[in-house]
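This report looks at side-chain charge pairing and helix packing in the structure shown below.

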Amino acid sequence: MLAKTKNMNIRINEDEYDNIKRFADFSGKTISALMLDAVREQIDYWEDLKDIEEYEKAKENGTLVTYTMQEAKERLGL
């Protein structure tokens, strides 16, 4: 089954467009692919920050569980 798609429009000035277009051409990508990659990268960064925040909270409140490499191997049956 094909995923549903949506369109999105952004308004930018001509200089910004020209700069983005040059970079897309340089990268061998369409502007749409370039913009989607950039947004995905920012989402990944945001998710990493959330994970770090959760780690720090668990560390601070004493609920963080860690394992040595040997313990991890044993738990994974390696």
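D25 is partly exposed, with a relative accessible area of 48%, where buried means under 20% relative accessible area, exposed over 50% and partly exposed in between, for a 1.4 Å probe and protein chains only. The model is a predicted one, in which local features need pLDDT of at least 70 and side-chain atom pairs count only at pLDDT 80 or more, while totals for chains, interfaces and linings use all residues. Residues are numbered from 1 along each chain as its sequence is written, and side-chain values use heavy atoms, with hydrogens and water left out.

**Salt bridges**

Side chains of opposite charge can pair when their charged atoms come close. Three salt bridges are found in a search of the whole structure, a salt bridge being a side-chain nitrogen of Lys or Arg within 4 Å of a carboxyl oxygen of Asp or Glu.

| Salt bridge | Closest N and O atoms |
|---|---|
| K21 with D25 | 2.9 Å |
| D37 with K29 | 2.5 Å |
| K57 with E53 | 3.3 Å |

K57 and E53 are separated by about one helical turn because they are four residues apart in helix α2, and E53 is partly exposed at 46%. In the remaining pair, D37 counts as partly exposed at 29% relative accessibility, and K29 does so at 34%.

**Helix packing**

Two packed helices are described by the angle between their axes and the distance between the axes. Helix α1 (residues 14-27) packs against helix α2 (residues 31-61) at an angle of about 95°, with the axes 9 Å apart, the axes being lines fitted to C-alpha atoms over the stretch in contact and the angles running from 0 to 180 degrees between N-to-C directions. The two helices are therefore roughly perpendicular, a term that covers angles of 65 to 115 degrees.

Y17, I20, K21, F23, A24 and S27 of α1 meet I31, L34 and M35 of α2, contact meaning heavy atoms within 4.5 Å. The residues of this contact divide into seven nonpolar, one polar and one charged, with Ala, Val, Leu, Ile, Met, Phe, Trp, Tyr, Cys and Pro counted as nonpolar, Asp, Glu, Lys and Arg as charged, and the others, Gly among them, as polar.

Note on methods: Parallel < 35°, antiparallel > 145°, perpendicular 65-115°, else oblique.
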